[in-house]
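Student: I have a model open and some terms to check. Can we go through them one by one?

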Amino acid sequence: MSMNDYILTLSCPDRTGIVHSVSGWLLEQNGNILEAQQFGDAATNRFFLRIQFSLPEKQDVNALQTSFAPIAEKFSMDANIYDAQRKARLLILVSRQGHCLNDLLFRAHSGQLPVEIAAVASNHTDHAGLASSYGIPFHHLPVTPETRPEQEQQIIDLARDLKIDLVVLARYMQILSTNLCQSLSGRAINIHHSFLPSFKGARPYHQAHARGVKIIGATAHYVTADLDEGPIIEQDVEHVTHSVSPAELTQIGSDVESLVLARAVRAHVEHRILLNDQRTVVFR
């Protein structure tokens, strides 16, 4: 990927001429298409497109967006252009289960995930040392039912002050208020086991073991005010047998959760996700 690479994403009512107009604009910019993916949804009559392209020289993203605006207006597009080189800034929220946090920290540190983790925040201090070992600032934000509004305001302030692009709930075991969900709308991803709603509450893997489940999994989705019902980004499952203990089930589930969350974060920061009503279009 060169310094002159950009990503264009768009969605709009489906009609003839969209790809022709976009290609013509790219030709006017002397752009070279590196990757292109499109999808037309017959159910919603909407068209989705993601193009990664290069230009002869470095350009200002805002200038490119302005240049593209007449086409976006003509086709009633929700269109955005991004600098492909820019790394998204992440704020990770975590409670006491650290497997997803550990996985994201390692992937970012090793260059496997193109992000900059700006900070880790938690209502507990369990993972302060882990964050410190990677040189990541750690913020202890304890919370009680009485102090929840103040604590959530601290999260909002952190996201603003650190110029956060994406908040990742890496097994953050607090229910977010409608106010916080709205503040982070479109830029917060949560991970949970896929036993919901069958096995709610504490020790879901032990509940699943008691019921003799044969498939366990995980779901990553955008955060909305409807608990665990935001648009789904990524899912995966593992088959298990009767011989697996609750502890082994928990370990398998933790591995799936970590992998699914990392995939969802990558898809978001690479601008591969477009909202399609309550669903998502995720380009691979």
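**Helices on sheets**

Tutor: Start with helix α1 (residues 18-28), which lies across β1, β2, β3 (46-54) and β4 and runs at about 20° to β3. Contact means heavy atoms within 4.5 Å. Angles run from 0 to 180 degrees between N-to-C directions; axes are lines fitted to C-alpha atoms, for helices over the stretch in contact. The model is predicted: local features need pLDDT of at least 70, side-chain atom pairs count only at pLDDT 80 or more, and totals for chains, interfaces and linings use all residues. Residues are numbered from 1 along each chain as its sequence is written, and side-chain values use heavy atoms, without hydrogens and water.

Student: Which strands does helix α2 touch?

Tutor: Helix α2 (residues 61-74) touches β1 and β4, and its direction makes about 155° with that of β4. Helices (H or I, at least four residues) and strands (E, at least two) are DSSP runs, numbered from the N terminus.

Student: What is the order of the open sheet of 4 strands?

Tutor: The order is β2-β3-β1-β4, with antiparallel pairing. Two strands pair if DSSP finds at least two bridges between them. β1 (residues 5-13) and β4 have 6 bridges. In one of them, L8 is partnered by I81.

Student: What makes β2 and β4 edge strands?

Tutor: β2 (32-41) and β4 (78-83) each pair on one side only.

Student: Why is one side of β7 and of β11 left without a neighbour in the sheet of 7 strands?

Tutor: That open sheet has the order β7-β6-β5-β8-β9-β10-β11, with mixed pairing. β7 (138-140) and β11 (232-239) each have a single partner strand, so one side of each stays without a neighbour in the sheet. For β7, strand β6 (residues 115-122) pairs with it in the parallel sense over 3 bridges.

Student: Which residues of α3 make the contact?

Tutor: H99, C100, D103, L104 and R107 do, meeting residues of α8 that include S254, L261 and V265.

**Whole chain**
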